[in-house]
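Here are some exercises on a ligand site, each with a worked solution. Try each task on the structure before you read on.

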Amino acid sequence: MKNFDNKQEKTLVLVKPDGVQRGLIGETIKRYEQCGLKLVAIKMTIPSKKVALAHYSVDPEWAFKTGTKSIEAWKAKGLTPPTEDPIELAEGVRKQLITFLNSGPVVAMVWQGMNAIGVVRKITGGTEPLTSVPGTIRGDYTIDSYRASDVDKRAVRNIIHASGSIEESEKEMAIWFKPEEIISYRLISEAIIYDINLDGILE
Ligand code: ATP
Ligand code: MG
């Protein structure tokens, strides 16, 4: 049997300081848990600047993508972005994110399951609260905008970080967890989610 849509895929999720302060730890865990993903690591920690810096390290590709995404969001609303240079915009965002992550406790988690990275991002919703779709965590529980956060020079309050790719998730898991803190175990529900012959239900 081929392991299509990798059932062991792992993704790193952070409930950022705003999510913790707003009492949304349980709600976010509930949503990922109830969709069928498996929690394999969890901790509460106040990230040092060093950890925050490692998490949002200078990756030119990330900087270009994040800056471009933000500039496009400004323009889509008929507004003029603070700068036309994506790298300059992203560099400001990175500094704000480090300050933000370092401001209080966060909950770091690893979720595992089929297409975990994409599934978590679907449930989490789009990055900018103003346009994230209702039904997603960001769509249901946030109201911030890039305009407000960029003018105030602070990170947008969007509750969650979730890895965007396998490369990101591998890099990020290594920052937040030691290998032995990521637990390998079987969950009973996996039988009904993934099994082919369904021979474990009837007595
Ligand atoms: P995350 O990586 O946190 O899961 P994401 O992948 O949806 O979110 P990225 O483009 O990677 O979004 O941006 C990382 C984070 O940077 C966002 O979650 C947000 O907190 C912050 N951010 C991005 N753009 C802006 C902006 N224009 N102003 C303020 N903060 C921003
Ligand atoms: Mg990202």
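**Exercise 1.** Find which space is the largest pocket.

*Solution.* On a 1 Å grid over the protein atoms alone, a pocket is an open set of points with protein on both sides within 12 Å along at least five of seven lines. The largest pocket is the space that ligand 1 takes. The model is predicted, with local features needing pLDDT of at least 70 and side-chain atom pairs pLDDT 80 or more, while totals for chains, interfaces and linings use all residues; side-chain values use heavy atoms, without hydrogens and water. Residues are numbered from 1 along each chain as written, with chains lettered from A and ligands numbered from 1 in the order written.

**Exercise 2.** Work out how many residues surround ligand 1 and where the ligand lies.

*Solution.* Start with the count: 23 residues surround the ligand (a heavy atom within 4 Å), and Ser 70 and Asp 150 are among the closest. Next, sort the shell: 10 nonpolar, 7 polar and 6 charged. Finally, domain 1 (5–46 + 104–194) and domain 2 (49–99) both contribute to this shell, so ligand 1 lies between them.

**Exercise 3.** List side chains with an N or O atom close to an oxygen atom of ligand 1.

*Solution.* Using polar contacts (N or O pairs within 3.5 Å), take Lys 16 at 2.9 Å, then Arg 121 at 3.0 Å.

Note on methods: A polar contact is a pair of N or O atoms within 3.5 Å; within protein, one must be able to donate a hydrogen and the other to accept it, and residues adjacent in sequence count only if both atoms are side-chain atoms. On a 1 Å grid over the protein atoms alone, a cavity is a set of points where a 1.4 Å probe fits but cannot get out, and a pocket is an open set with protein on both sides within 12 Å along at least five of seven lines; lining residues have an atom within 4 Å of a point. A molecule sits in a cavity or pocket if more than half of its atoms lie within 2 Å of its grid points. Ala, Val, Leu, Ile, Met, Phe, Trp, Tyr, Cys and Pro count as nonpolar, Asp, Glu, Lys and Arg as charged, and the others, Gly among them, as polar. Domain bounds come from an automatic or database domain assignment.
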